[in-house]
Amino acid sequence: MSVAAPAPAASADPPVEPPAPSRPRPWRAHLTVALLALGTAVYVTNGLWRDPYGNGLSDNIGDQAFFEWLLGYGVYTLGHASDPFFSEMLNVPFGVNLAANTSISVYTILFAPLTYLAGPQISYVTILTLNLAGSAFAWYLFLNRWLVRSPLAAGLGGMFCGFAPGFISHANGHLNWTAGWVAPVVIWQVLRLRQPGRWLRNGLVLGLMLAAFFTIAAEGLFYTALASGIFIITWALAGAVRTEAKAAFTTVLRALGVTAVVAGALLAYPLYMHFAGPQTFSGTGFNQRYFAEDAAAYLSFPSRSLAALFGLGSDLAPNRTEETTFFGVPLVVLILVSMVLVWRRATPGRRATLRAITLIGLTFLVLSLGPRLNWMDAEQPVPLPYALLSHLPLFDAALPLRLGLVVAAVFGVVLALITQELLDRRLSPSLQTAMSAAIVVALLPILPLPVRHQQRAPEPEFIAKGTWQRYVSDNGVISTLPFALNVTADGQRWQAYTMARGGPQFRIPGGYFLGPMTNGEEGRKQIGRIGAPNLPTDWLFTRAALYGYVTELSDADRAQARADFAYWKVEALFLPQEITGSDHMTLFRNAVLVTATDLLGEPEQVDDVLVWRIRPGVDPIDR
């Protein structure tokens with residue numbers, strides 16, 4: 001096969017020669033790359049490792065709280081045999097469809113022992129670090145097995161794929177999108193489907209992979225499937241490999257049939273929950289025209305890079321977690337020149353591979369730009385192909401700019417290929433020197449900086465010591481003030497810590513998750529939103545926390561609060577000594593205190609929090 005080395009074929013590239021006796025043993029190269037990848041991952045996440053219990057990601061503290069909650073829920077799932085794809089712990093009284101969110105169920109179960117022993121904070125930073133390191137190492141192994149001979153070439157390509165600007169950006173919170181190792185592992189297995197006589201085993205393995213990886217990175221798995229389909233079709237249609245493709249067709253088709261049966265059986269319930277279960281919604285909770293890649297971003301430098309230290313960073317992304325491309329002009333030029341040089345020296349079989357890789361890169365680049373062209377933070381009146389796809393199933397729930405992560409993988413492949421050319425000394429001496437220098441110039445500006453961090457409010461003793469149990473019935477409802485949301489996520493992570501410890505639990509209203517715009521059956525046809533639909537009372541406290549806004553309350557406001565408290569079945573509210581905002585934002589605790597006191601009267605001082613008991617149908621009392 002022209003993307004591999006093992007078996008010679010008339011249409012394929014020459015097979016990779018067996019290692020010479022003087023060549024270092026493969027395990028040494030593997031260990032070197034693994035340690036380099038792990039060291040870089042620890043460097044990127046070192047702000048969290050310094051104080052995993054006190055520090056949070058300042059650029060996306062809400063998503064970190066959400067994933068910590070999922071990890072805590074993993075312990076709760078095992079201890080209570082609860083549904084991993086639906087939870088009633090959040091969003092009382094309706095619950096949350098976790099299948100329609102990024103539930104990372106495999107991670108939550110695998111890491112449940114660590115979560116129970118050390119807390120969701122430790123599990124979170126451990127998974128984040130291993131995701132980054134594992135992605136680089138998996139790409140290294142893939143490239144070394146299928147495309148290049150040199151561990152150095154594979155190592156450079158793998159390190160780029162694992163620590164490309166887009167993945168450093170997603171390290172601000174996302175345990176799903178930093179799992180970039182999913183792509184090379186799946187593609188590796190897809191390429192193995194053609195092995196004669198092993199269609200049953202290979203199909204079974206791929207089916208198990210898809211079922212497991214669906215819960216870790218469903219959107220990334222969708223992109224990987226698209227890229228794999230483009231590659232297989234484009235490669236198979238090339239004249240140089242057509243005979244080889246025909247010979248493998250029946251075997252691959254049988255293997256894919258097994259894959260479909262296995263994955264379909266294992267994913268039947270998760271897919272049902274995702275598309276038709278309770279609290280589902282249409283599309284996504286994010287605007288696809290806003291979360292589309294700015295074309296100029298491909299030529300810009302990311303905010304967490306060496307270039308940014310010298311004032312060359314850019315703010316063309318919707319937020320710092322979505323700087324998906326940001327390669328910079330030098331790297332884009334290097335990749336274009338490298339593709340030309342590699343193409344000119346490739347055999348017909350290798351050109352079939354290069355053609356497929358190029359088409360993947362161009363396809364995902366164009367789709368990442370979204371329904372309309374954006375240039376320098378301004379939408380242009382230029383419709384793009386994604387506009388035709390945006391209402392189709394799966395595409396309607398995707399964010400276009402994240403398709404640029406596939407372009408990053410293509411760049412990593414090209415870096416490995418051109419490095420192999422340089423190591424083989426297939427270029428002229430002058431071009432050899434120029435391209436070596438160009439690689440350094442292109443990669444140096446985008447060397448990553450550690451993700452930013454800040455202090456988070458500590459868990460109150462009221463929660464940690466279990467004092468809350470005196471104020472809430474078994475599995476009853478209690479809420480911190482302000483109510484849990486992505487920008488005020490303390491209450492949700494404290495619930496996560498309680499779940500991780502086992503024992504009695506409480507439920508909370510609201511929370512940070514994706515849910516329907518309207519609760520109930522009518523919400524299924526509407527687009528999603530972040531969190532629960534606001535009621536007047538939770539907005540009263542959120543507004544006070546975010547903006548310091550305090551209003552004079554009337555008896556009508558108190559009647560509304562009584563109705564809202566009855567709706568949530570809240571038994572108590574509490575206000576901690578500190579409340580955490582994202583990106584070092586100062587939240588107005590005093591405004592929350594004034595509002596709560598005006599509404600509910602003087603609080604009780606309990607441990608290190610202020611507590612208000614809520615008597616159903618009575619509190620607050622009219623004044």
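This is a predicted model: local features need pLDDT of at least 70, side-chain atom pairs count only at pLDDT 80 or more; totals for chains, interfaces and linings use all residues.

Q: How is a pair of aromatic rings described, and how many aromatic pairs does the structure hold?

A: A pair of aromatic rings is described by the distance between the centres and the angle between the planes. The structure holds 29 aromatic pairs. In one of them, the ring centres of Phe 483 and Phe 541 are 6.3 Å apart and the planes meet at 10°, so the pair is stacked.

Q: Are Phe 483 and Phe 541 buried or exposed, and which residues form an aromatic cluster with them?

A: Both Phe 483 and Phe 541 are buried. They belong to one aromatic cluster together with Phe 94, Phe 565, Tyr 567 and Trp 568.

Q: Which residues touch the most other members of the largest nonpolar core?

A: A nonpolar core is a set of buried residues joined through side-chain atoms. The largest one here has 74 residues, and Phe 160, Phe 327, Leu 331 and Phe 364 touch the most other members. Helix α16 (residues 404-423) gives the most to this core, namely 14 residues. The contacts of Phe 327, leaving out residues up to four places away in sequence, include Phe 160, Tyr 298, Phe 301, Val 407 and Phe 411. A second, separate core has 73 residues, among them Met 89, Leu 206, Ile 463 and Trp 468.

Q: What span should helix α21 have, and what is the distance between its end C-alpha atoms?

A: At 1.5 Å a residue, the 14 residues of α21 (residues 555-568) should span 20 Å, and the end C-alpha atoms are 20 Å apart, which agrees. Just after this helix, Lys 569 takes a positive phi of about 60°.

Q: Which residues of α21 are buried, and against which elements do they pack?

A: The buried residues are Arg 558, Ala 561, Arg 562, Asp 564, Phe 565 and Trp 568. The elements they pack against are β7, α20, β10 (570-576) and α22 (589-600).

Q: Why does Arg 558 count as buried?

A: Buried means under 20% relative accessible area. Arg 558 counts as buried because its relative accessibility is 3%. Beyond residues up to four places away in sequence, Arg 558 touches several others, including Asp 598, Pro 620 and Asp 622.

Q: In what sense do strands β4 and β5 pair?

A: Strand β4 (residues 372-375) and strand β5 (residues 378-383) pair in the antiparallel sense, over three bridges. Trp 375 stands opposite Ala 378 in β5. The hairpin has two residues between these strands, and Met 376 takes a positive phi near 55°.

Q: Where is Ser 479 placed, and how far apart are Ser 479 and Ala 572 in space?

A: Ser 479 is in strand β7 and is buried, with a relative accessible area of 2%. Ser 479 and Ala 572 are 93 residues apart in sequence, while their C-alpha atoms are 6.7 Å apart in space. Leaving aside neighbours within four places in sequence, Ser 479 is in contact with Pro 509, Ala 572, Leu 573 and Phe 574.

How values were computed. Residues are numbered from 1 along each chain as its sequence is written. Side-chain values use heavy atoms; hydrogens and water are left out. Rings of Phe, Tyr and Trp (its six-membered ring) pair if their centres lie within 6.5 Å; planes under 30 degrees apart count as stacked, over 60 as edge-to-face and the rest as tilted. Buried means under 20% relative accessible area, exposed over 50%, partly exposed in between (1.4 Å probe, protein chains only). A nonpolar core is a set of buried Ala, Val, Leu, Ile, Met, Phe, Trp, Tyr and Cys residues joined through side-chain atoms within 4.5 Å. Helices (H or I, at least four residues) and strands (E, at least two) are DSSP runs, numbered from the N terminus. Contact means heavy atoms within 4.5 Å. The expected span of a helix is 1.5 Å times one less than its number of residues. Two strands pair if DSSP finds at least two bridges between them.
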